[in-house]
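Subject: Structure handover

Hi,

Here is the structure for your set. Please look it over first; my notes follow below.

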Amino acid sequence: RNGKNFYPALSLPERETLQESIEANGLLEPLTVVQDKLLGGYRLISGHNRLWALQNLHAACETDKWQMAPCRVLSELTEAQEQCAIIEANRQRKKDAQTLAEEARRLTEAYVKRKEAGEELPGRIRDRVAEALQVSSTKLAQLNAIKENLCVPGFKRDWEERRMNESVAYEISKLPQEQQYRLLDWSIDNHRTPTVQDVENFAAG
C-alpha cells in the first residue's frame with residue numbers, strides 16, 4: 001500500500017461486490033502506478049481496492065488469467081506531485097466532510113512544496129485546491145476553520161470520528177477556546193451533542 005494514500009479501504013462487502021464486477025466484466029479502469037527507482041518496481045497511486053480484488057481472483061483461479069493487470073504508468077514524480085496525483089485519482093470517490101478536510105490539508109501542503117521548489121502553479125493555492133476537490137472556496141474555508149479552530153479535544157474527537165456534523169463543528173469553531181470548553185461542560189452535563197441552535201444560543205447568552 002502506498003503510504004501517501006490516506007483513503008480508507010472499502011468495506012468487505014463493497015470489496016466483494018467490486019471483485020464480482022471485475023470477474024464478470026473485466027478490469028474496466030486500469031491501475032495507476034509510478035516507477036520506484038529507489039526500491040525497484042512500481043508504487044500504486046490509484047487502485048488499491050481493485051488490486052485487492054484481482055489478487056483474490058488470482059488466488060482462487062487455477063490459471064494465470066488474473067496474474068497481470070493493465071496499468072497507467074505516470075512519469076517520475078516528486079513527493080508533493082505524488083500526493084497531488086493520489087488525491088486527483090480519487091476525485092470521483094464519495095467523501096464525507098472529514099475526508100475532504102484531510103484532502104484539503106494534504107493538497108495545500110503539496111502545492112506549497114511544489115511552489116517552493118520553483119514549479120509554476122498559476123492562481124491562488126486555495127482556489128486550486130477548491131477546483132481540484134470540486135468544492136466552493138467558501139466550503140473549503142469552513143473546513144479549514146474547523147481544522148484550525150475546533151480546539152477542544154472532546155469536540156475535535158467527535159468531529160474526527162464522525163459523531164458531529166459539519167454545521168455544528170463549524171459553529172463551535174467560531175467560538176473562543178474558553179467558550180468551547182464551557183460548551184463541552186454543558187454538553188457533558190446534558191448528555192448530548194449540541195445542535196447548531198444550541199451553539200448559537202450559547203454564543204448569544
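Glu-131 is exposed, at a relative accessible area of 61%. Here exposed means over 50% relative accessible area, buried under 20%, and partly exposed in between (1.4 Å probe, protein chains only). Glu-131 belongs to helix α5, residues 125-133. Helices (H or I, at least four residues) and strands (E, at least two) are DSSP runs, numbered from the N terminus. From Glu-131 to Leu-150 is 19 residues in sequence and 25 Å in space, C-alpha to C-alpha.

Before the rest, the ground rules. This is a predicted model, with local features needing pLDDT of at least 70 and side-chain atom pairs counting only at pLDDT 80 or more, while totals for chains, interfaces and linings use all residues. Residues are numbered from 1 along each chain as its sequence is written, and side-chain values use heavy atoms, with hydrogens and water left out.

Confidence. pLDDT is the predictor's confidence in each residue, from 0 to 100. The protein chain has a mean of 91, and 100% of its residues reach 70 or more. Among its elements, α5 has the lowest mean pLDDT, 89. Helix α8 (residues 166-173) has the highest, 96.

The sheet. There is an open sheet of 3 strands, in the order β2-β1-β3, with mixed pairing. Neighbouring strands are turned by 35° against each other on average, direction ignored. Two strands pair if DSSP finds at least two bridges between them. Strand β1 (residues 31-35) and β3 run parallel, joined by 4 bridges. Thr-32 stands opposite Arg-72 in β3.

Helices on the sheet. Helix α2 (residues 48-60) lies across β1 and β2 and runs at about 115° to β2. Helix α3 (residues 79-89) packs on the sheet and touches β1, β2 and β3. The direction of α3 makes about 45° with that of β2. Contact means heavy atoms within 4.5 Å. Axes are lines fitted to C-alpha atoms, for helices over the stretch in contact, and angles run from 0 to 180 degrees between N-to-C directions.

Backbone points to check. Arg-162 has a phi near 65°, a positive value in a residue other than glycine. Arg-162 sits in the loop between α7 (153-160) and α8 and is partly exposed at 45%. His-191 also is not a glycine, and its phi is positive at about 55°. The loop between α9 (177-189) and α10 (196-204) holds His-191, which is exposed at 72%.

Salt bridges. The rule: a side-chain nitrogen of Lys or Arg within 4 Å of a carboxyl oxygen of Asp or Glu. By this rule the count is 18.

- Arg-91 with Glu-88, 3.1 Å from N to O. Arg-91 is partly exposed at 26%, and Glu-88 is partly exposed at 39%.
- Glu-103 with Lys-95, 2.9 Å from N to O. Glu-103 is buried, at 0%.
- Arg-105 with Glu-102, 2.7 Å from N to O. They are 3 residues apart in helix α4 (residues 97-116), so about one helical turn separates them. Arg-105 is partly exposed at 31%; Glu-102 is buried at 17%.

That last pair is part of a network. Salt bridges with shared partners join Glu-102, Arg-105, Arg-106, Glu-109 and Lys-147.

Best wishes
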